[in-house]
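Good morning, and thank you for coming.

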Amino acid sequence: MAAGSTGAGDDLPVRTPELTDDDAVEILTGARLEPVGVLTAASNLTLLVELHDAAGDLTGHRAVYKPRRGERPLADFPHGTLASREVASYLVSAAAGLDLVPPTVLRDGPLGPGSVQWWVDQTPERLADPAGGLVEILPATGLDERWLPVVDARTEEGEEVVVAHADDPRLRLMAVLDVVLNNADRKAAHLTLDPLGRLRGFDHGLCLHVQDKLRTVLWGWAGAPLAPPEVDALERLADALAAGGGAGLEPLLHPQEREALGARVAGLLASRTFPAPPQDRYPLPWPLW
């Protein structure tokens, strides 16, 4: 998790983003990490850290540190690889020119090697709705064209409702990125808007598996044609993967995982459509938020 209440350090001021992502990567790479809180809602050990410069002074920036030693063993993902997948997801987003994943690096920290991701600041009113109003539970009747239904449900009182997401071009790009990443855990709470209104997605440890594992709340465009900006992003990514260094993914992913990534990009470029939900397995994350 990259935004929200930590139970510690909540008195820290909200900072408006002023740096480029490249600037943020440079700071993340060289800063000393000082833990100030634990994100208790996260499945794996996740620490909020303050970033100190070479002189030991506060830089005024924060990050999320996920040490490898704090990863829970999983049945379907190799143990100790989630931090690398977090960083690989950032590099894929950056190579596609999407900048949807906050700057993330792999480095040593107080608890050993792990991923370190730029903290996404939130305005106080946004903390109660981390998805920024982009994913909602709405009455089943009267859903207007601004919303795309994903799944029908009932409240505890028996009222029929629908989980829907906004028909928003920013979310469309996120949905394309999730297909490329083979994101197995795109919850609504893994989306947020920063104080400048920029969409960011986080928690990408369960990504980039060889087998099809896409589970997402963003199925509303299933079967729809890709828009030109989405095709452009895929072409940029294909070029980056084909270039020397493969977008910097070689030390982070198994060769078969990099090959599967390239195949997903090529498949989307060939079909020019959003995929349909799979029929042979559950297509949604749990919980949805």
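Against which elements do the buried residues of α1 pack? Please keep in mind that this is a predicted model. The partners are the strands β2 (47–52), β3 (58–67), β4 (104–107), β5 (114–118) and β10 (199–201), together with helix α2 (82–95). In α1, which spans residues 21–30, the residues concerned are Asp-21, Ala-24 and Leu-28. These three lie on the same side of the helix, because they cover an arc of only 55° around its axis. Asp-22, Glu-26 and Gly-30, on the other side of α1, are exposed.

His-165 is buried, at a relative accessible area of 0%. Its side chain reaches the backbone nitrogen of Gly-220 at 2.9 Å. Neighbours within four places in sequence aside, the contacts of His-165 include Trp-147, Leu-171, Trp-219 and Trp-221.

Finally, the cavities. There are 3 of 30 Å³ or more in the structure. Among the residues lining the largest cavity are Asp-178, Thr-216, Trp-219, Trp-221 and Phe-274. That lining comprises 9 nonpolar residues, 1 polar and 1 charged.

The second largest cavity has a volume of about 40 Å³. Helices α3 (169–181) and α4 (228–242) each contribute at least two residues to its lining, which includes Val-176, Leu-177, Leu-234 and Leu-237. The lining of this second cavity has 9 nonpolar residues, no polar and no charged.

Conventions
Residues numbered from 1 in each chain as written. Predicted model: local features only at pLDDT ≥ 70, side-chain atom pairs only at ≥ 80, totals over all residues. Heavy atoms only, no water. Buried < 20%, exposed > 50% of the residue type's maximum accessible area, 1.4 Å probe, protein only. Helix = DSSP H or I, 4+ residues; strand = E, 2+ residues; numbered from the N terminus. Arc of directions from axis to C-beta. Contact = heavy atoms within 4.5 Å. Polar contact = N/O pair within 3.5 Å; in protein donor to acceptor, adjacent residues only side chain to side chain. 1 Å grid on protein atoms, 1.4 Å probe; cavity = no way out; pocket = protein on both sides within 12 Å on 5 of 7 lines; lining within 4 Å. Points joined across faces, edges and corners; volume = space filled by probe spheres on them. Nonpolar A, V, L, I, M, F, W, Y, C, P; charged D, E, K, R; others polar.
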